[in-house]
Amino acid sequence: MIGADTLVDLVRAYNPRSHSDLIRDAYAFGMEMHEGQTRHSGEPYFSHPVAVAAILTEQRLDDATIITALLHDTIEDTRASYNAVAERFGGEIADLVDGVTKLTNLQLSSTETQQAENFRKLFMAMSKDMRVILVKLADRLHNMRTIRAMRPEKQLKKARETMDIFAPLAGRMGMQWMREELEDLAFRVINPEARASIMRRFITLQREAGDVIERITGDMRLELQEAGIKAEILGRAKKPYSIWRKMQEKEMGFSRLSDIYGFRIITASEDDCYRTLGVIHRRWRAVPGRFKDYISQPKSNGYRSIHTTVSGRDGKLVEVQLRTRQMHEVAETGVAAHWSYRDGVPAENPFAVDPAKWISSLTEQFDSEEDHDEFLEAVKLEMYADQVFCFTPKGDVVKLPRGATPIDFGYAIHTRIGNGCVGAKVDGMRVPLWTRIKNGQSVEVITADGQTPQATWLDIATTGKARAAIRRALREVDRDRYIRLGRELARAAFEHVGKKPTDKALERAAKTLRLKGRDEVLARLGSAELTTSRVLNAVYPDLAPDTGNEVGLDRAVIGLEPDQRFDRAPCCQPLPGERIVGITYRGKGVVVHTIDCENLQRYEEQPERWMDLQWHGGTHAAVYEATLDVTIGNDAGVLGRICTLIGEQKANISDLTFVDRKPDFYRLLIDVELRDAEHLHGVISVLDAESDVATVERFRDPGRLAASSGTEQS
């Protein structure tokens, strides 16, 4: 643990005018309050706040943030109170410490409803003073660096929470170095074997190929010297988690990966960035589709750089980022650059983003989201999605997530424009509404009076704002019909557990689910936006399925002869809860199809082979495989989140196949093991709410029958 004088020296190195006595006083106060407390490792507990403060000095943050780091656990874990901190260190620091305490108490990895509420609180805390989040991120970083002292189950929980929430948040704030370290530390816990394997292969590669980074750096330095450009070149190998993610997404081994090295070239001016780009592209062949200019179109968190990928030595792909020194400082610290100091005064970086404006743009749409599902969808969009920049016909810039369509563009302009959309032009050409918008394109939405949103738009739109507006419009159009249908679904579901869907029960469900009233619950049940199990759980959380009385495969189907076995038809993959019919096969027993299966037409002339069957009405085990056809954005961590969402629905993934790869999107077939048709609907609903999922639907292949059933003869 570093001492108070050492910490003061770290601060004075970038801020000679620092209030050193106040930092020493905070150090002494924190040490006194945490006296006798120890960490899981046996170290004095106060070593943790000191380490958090030291991390924040690396970002050159102000005195208030450093002091908050020293005191961030005092209100929660010691006898210190808000008033005591305010009296000794002032109201600003007391508010910051209190804000970090409240964030610490959020259970961010809880159920979806609670998670939405906690995200609201998180963004509220950010809107008051973003330094609260900076301290919390540094706190999580040090906890992850020392996570080995925790119990294994606690390690796994913290690692998953870090991977799902804190690492993306750090990236969204522009602190890419922190995101990468958080991801790698979490990866070490979640999949230690994979990380160790990648590290071993790195060592082997370096032994066989030598220091690739040094050779490429030398080549670049020589080219820039000949062009008369002064620049600093930084080379590095990508983090193990980043490499593993590419291996999973591209389904290739380590030896086939090419872009595992990255280089940053830091120049003296913006002009030198573009001159350097020309030098690099003249010397090495540029890779098509891998160029992004974030200098002319900065990210909302202030990030500016030119990204390009070139083919280097031995055909290896090399990623190169070009930026100025000031751009580099913002790229390293992100929004935190607003509070950084240089030579005792706040650093004046023209590229640093005003945190208040950044938070305002981030939370603008959240205030209008009353439904927690729609709010979570909007949050995930902002947290995880990369952006494309397109133009209106008048030349105004519109920022949208990667994979956005003209429908998203229309709703980004105004809800009225989105609702009235009948067509679109991209760069002057008529295009289908499902067209994915690319960087730099000009988009025009064609509207018509009387047009209303279509249900199919939900499969096309990707932004939370668009999807929420479409759902609201659809609910209004068919609201009465949905309410009647929802009432029937509720009646059947409640009767199944010996209850009645009274008005009082439905009002309670609405309150728990944060909906306006019972009619809203029924409308969403009828429109399949809400499952009966969620409504039941909202009213009777203790009525969990009795897993001890699950219906086994031996008695899953009613109507079979004694000792007659059955197989599910692979063409339609029938699930419990669906209407079914059996087709007999000599020596093979009975093959069960859904009543609407296309392949039943083959047996219309053989009525003697048909059997009237039905599923047992109890709770089935999750052993029935169904295939999902999913199109997802080709972005970091998307596939991992999709798998996590499926797992959270208690559905096991038995197989996963990529069937189409595009620069922006992947289409894949995912085999999941389910209980019944309602379980399938729940999985599809959750995936459909994920902003990086473009489309998700059940996959059925009539051609699978012949391959599996063999002879067609009875």
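Gly582 stands opposite Met611 in strand β18. The model is a predicted one: local features need pLDDT of at least 70, side-chain atom pairs count only at pLDDT 80 or more, and totals for chains, interfaces and linings use all residues. Residues are numbered from 1 along each chain as its sequence is written, and side-chain values use heavy atoms, with hydrogens and water left out.

Strand β18 covers residues 610-615. Helices (H or I, at least four residues) and strands (E, at least two) are DSSP runs, numbered from the N terminus. Strand β16 (residues 580-585) runs antiparallel to β18, and 4 bridges join them. Strand β14 (residues 557-558) is also antiparallel to β18, with 2 bridges. Two strands pair if DSSP finds at least two bridges between them. Val557 has Trp615 of β18 as its bridge partner. The covered face of β18 holds Met611, Leu613 and Trp615. Its uncovered face holds Trp610, Asp612 and Gln614.

## Aromatic pairs

A pair of aromatic rings is described by the distance of the centres and the angle of the planes. Here, rings of Phe, Tyr and Trp (its six-membered ring) pair if their centres lie within 6.5 Å; planes under 30 degrees apart count as stacked, over 60 as edge-to-face and the rest as tilted. The count comes to 11 aromatic pairs. In one of them, the ring centres of Phe187 and Tyr241 are 5.4 Å apart and the planes stand at 65 degrees, so this pair is edge-to-face. Phe187 belongs to helix α11 (residues 176-190) and Tyr241 to helix α14 (residues 240-250), so the pair ties together parts 54 residues apart in sequence. Both Phe187 and Tyr241 are buried. Buried means under 20% relative accessible area, exposed over 50%, partly exposed in between (1.4 Å probe, protein chains only). Phe187, Tyr241 and Trp244 form one aromatic cluster.

Phe658 and Tyr666 make another pair. Their ring centres lie 5.3 Å apart with planes at 90 degrees, so this pair is edge-to-face. Phe658 counts as buried because its relative accessibility is 13%. Tyr666 is buried too, at 7%.

## Charges over rings

Arg661 lies over the face of Tyr666, 5.3 Å from the ring centre. The charged end of Arg609 sits over the ring of Tyr585, 4.8 Å from its centre. For this, NZ of Lys or CZ of Arg must be within 6 Å of the ring centre and within 35 degrees of the ring normal.

Helix α24 (residues 518-526) has 7 of its 9 residues buried, so it is largely enclosed by the rest of the structure. Among the buried residues are Glu520, Leu522 and Arg524. Just after α24, Ala528 takes a positive phi of about 65 degrees.

The axes of helix α23 (residues 503-512) and helix α25 (residues 532-539) come within 8 Å and cross at roughly 95 degrees. Axes are lines fitted to C-alpha atoms, for helices over the stretch in contact, and angles run from 0 to 180 degrees between N-to-C directions. The two helices, α23 and α25, are therefore roughly perpendicular. Angles of 65 to 115 degrees count as such, under 35 as roughly parallel, over 145 as roughly antiparallel and the rest as oblique. Ala505, Arg508, Ala509 and Thr512 in α23 meet Val535, Ala538 and Val539 in α25. Contact means heavy atoms within 4.5 Å.

## Positive phi in two loops

Arg60 has a positive phi near 60 degrees and is not a glycine. Arg60 lies in the loop between α3 (47-57) and α4 (63-71). Its relative accessibility is 35%, so Arg60 counts as partly exposed.

Lys650 also has a positive phi, about 60 degrees. Lys650 sits in the loop between α26 (638-648) and β20 (652-661). With a relative accessible area of 64%, Lys650 is exposed.
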